[in-house]
Amino acid sequence: MTQSTGQPWSTGASTPKSMLDKQPSLLANGTHVRLLHRDDAARLSEAYVRNREHLAPWEPSRDEKFFTPWHQLNIIHSKLAQHAVGQEMPWILLAADRIIGAITLTGIVRGPFLSANLGYWVDRDFTGQGIGSAAVKFAVDHARAELGLHRIQAATLIRNRASRKILQRAGFQEIGIAPYYLKIAGSWQDHLLHQLILHGAPAPAT
Ligand SMILES: CC(C)(COP(=O)(O)OP(=O)(O)OC[C@H]1O[C@@H](n2cnc3c(N)ncnc32)[C@H](O)[C@@H]1OP(=O)(O)O)[C@@H](O)C(=O)NCCC(=O)NCCS
């Protein structure tokens, strides 16, 4: 049974059984990954406050309300609604009880595309320990084995060497540069698109 935080931003509603069934999976250095819960709002807000400057160059501009538990709860509701209809896998990364990042498959599309977008971040105090790489591997394995996707796409700023490195390590290939692709840190910025083909790629020539 899920415990309510007793805070005003807690819904008081219990987390669906389907999510409780999903136990945290081990990542790197004793960290874990699990699906987002309704009761994560306060800890997620703390994590974003702690990492405000660390994430600012790589994310959309955030207004003050983004950092409140109430706003995080709204985002969680929206993500869980997308998850319930099969369009999103919102995972968080944990060190003990502390949220230290997130990894998410969004825009899951079926039919002939069978594709999704991958996004992630790791807490400033936990970078450089292989956690980002382990999280990407976890999401890729899940997309292949559980979701049966054909393809994952990820977009990085060209100067984001750490992010490019972990995608390269997971086997992603660079597709090319998409000009003015996303509004990051207040301006429309070119991104390097990457893809990983999970199923249906021809065997490499020998
Ligand atoms: C990108 C990010 C997720 C990487 O997480 P992480 O846990 O540090 O990743 P890992 O430890 O698995 O690997 C990072 C790799 O990048 C390398 N790296 C880090 N900074 C680098 C730099 N400036 N230039 C080149 N390589 C760099 C590290 O050396 C490491 O490679 P190694 O294992 O061969 O030494 C994390 O830095 C982060 O959250 N950044 C801010 C948000 C962000 O950029 N999100 C992705 C948006 S596309």
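**From one loop outward**

Author: L114 lies in the loop between β4 (98-109) and β5. This is a predicted model, and what follows should be read with that in mind. The backbone at L114 has a phi near 45°, which is a positive value in a residue other than glycine.

A185 sits in the loop between β7 (173-184) and β8 (187-197). Although A185 is not a glycine, its phi is positive, about 50°. With 14 C-beta neighbours inside 10 Å, A185 also counts as partly exposed. A further positive phi, near 80°, belongs to G86, the residue that follows α4.

The ligand comes next. It is surrounded by 19 residues, and the closest of them are T127, G132, S133, R161 and A162. Two or more residues of this shell come from each of β5 (115-122), α5 (131-145) and α6 (161-169). The largest share is that of α6, with 5 residues. Sorted by class, the shell holds 9 polar, 8 nonpolar and 2 charged residues.

The largest nonpolar core has 42 residues, and the members that touch the most others are L93, A135 and I152. Helix α5 supplies the largest share of this core, 7 residues. Beyond four places in sequence, L93 touches residues that include L27, V33, I103, V122, I131 and A135. The last two of these, I131 and A135, are also among the buried residues of α5, along with G132, A134, V136, A139, V140 and A143. The 15 residues of α5 should span 21 Å at 1.5 Å a residue, and the end C-alpha atoms are 21 Å apart, so the two values agree.

The buried residues of α4 are P69, Q72, L73, I76 and H83. These residues cover an arc of only 100° around the axis, so they lie on the same side of α4. Among the elements covering them are α2 (41-50) and β3 (89-95). The face turned away from this buried side carries the exposed residues S78 and A81.

H71 also lies in α4. Apart from neighbours within four places in sequence, H71 is in contact with K65 and F66. From H71 to S45 the C-alpha distance is 8.4 Å, although the two are 26 residues apart in sequence.

Finally, the whole chain. The protein chain has 6 helices and 8 strands, and from the N terminus on they run α-β-β-α-α-α-β-β-β-α-β-α-β-β. Of its 206 residues, 30% are buried. Among contacts between residues at least 6 apart in sequence, 60% join residues at least 24 apart.

Key:
Residues numbered from 1 in each chain as written. Predicted model: local features only at pLDDT ≥ 70, side-chain atom pairs only at ≥ 80, totals over all residues. Near = placed C-beta within 6 Å. Helix = DSSP H or I, 4+ residues; strand = E, 2+ residues; numbered from the N terminus. Nonpolar A, V, L, I, M, F, W, Y, C, P; charged D, E, K, R; others polar. Core = buried A, V, L, I, M, F, W, Y, C linked by C-beta atoms within 7 Å. Buried ≥ 20, exposed ≤ 12 C-beta atoms within 10 Å, placed from the backbone. Contact = placed C-beta atoms within 7 Å. Arc of directions from axis to C-beta. Expected span 1.5 Å × (residues − 1).
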